[in-house]
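Let's take a walk through a protein together.

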Amino acid sequence: MKTTKAAIIKSAVIEKIQMALGVMVLIIFGVCTIMALFEKELASDGFLPFCIVMDVLAFILILFSVKRKQSVQDFKRYVAFLSADPTGSIPVLAVAVGESEKAVKKKLDVMIKRKFFVDAVIDERRNCILIAGQYKKPESTMGEVSVPASGPDAQETGGQEMKYVSCVCGSCAGVNQIVKGKEGKCAFCGSPIR
């Protein structure tokens, strides 16, 4: 599961399973708890404490499901802001999304562990997220930019300028720059883009 899309699908499936199990357990043992409260015979055999424990576990399962869903929604918001900020600054992201730096850093760490970001790390020294392969963006958000070829690109293009175009990833909505006419890889999620 190298791409963000696969990680998000996996997370959505887990979230739905957690929610379904949580709701089913809560309904079943919630009814049993209510019955045990009114039926003294059921409550006397330790059934009531068992039902209460199961109710609490069901609530915890539902809470995990909601948090997982929120994590996917936060990822999509963060990608939109990070694609507009080539520095990946956590303080800038925190201001943009209206959360504390500590909360943003914690959420980014969870997203990296869940493989929402491919090849990403949090740089504690510079207080930013580093995403492998992320290109610096031109002044405009969409369009073409010409860059003199250097290194291996110079040999491939005969030293001529290379034209880069900005494009939006279909998987994560991150804005990327790729060489015009070639297939690239999203700097945020690793999905192929054209």
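What percentage of the 194 residues of the protein count as buried? The share is 37%, where buried means under 20% relative accessible area, found with a 1.4 Å probe and protein chains only. Please keep in mind that this is a predicted model, in which local features need pLDDT of at least 70, side-chain atom pairs count only at pLDDT 80 or more, and totals for chains, interfaces and linings use all residues. Residues are numbered from 1 along each chain as its sequence is written, and side-chain values use heavy atoms, with hydrogens and water left out.

Along the sequence, their order is α-α-α-α-α-β-β-β-α-β-β-β-β.

Next, zoom in on one pair. Helix 3 (residues 47-84) and helix 4 (residues 90-97) have axes that come within 10 Å and cross at roughly 120°. Axes here are lines fitted to C-alpha atoms, for helices over the stretch in contact, and angles run from 0 to 180 degrees between N-to-C directions. Helix 3 is therefore oblique to helix 4, since angles under 35 degrees count as roughly parallel, over 145 as roughly antiparallel, 65 to 115 as roughly perpendicular and the rest as oblique. Who makes the contact (heavy atoms within 4.5 Å)? Helix 3 brings Arg 77, Tyr 78, Phe 81 and Leu 82, while helix 4 brings Leu 93, Ala 96 and Val 97.

Conventions. Helix = DSSP H or I, 4+ residues; strand = E, 2+ residues; numbered from the N terminus. Contact = heavy atoms within 4.5 Å. Buried < 20%, exposed > 50% of the residue type's maximum accessible area, 1.4 Å probe, protein only.
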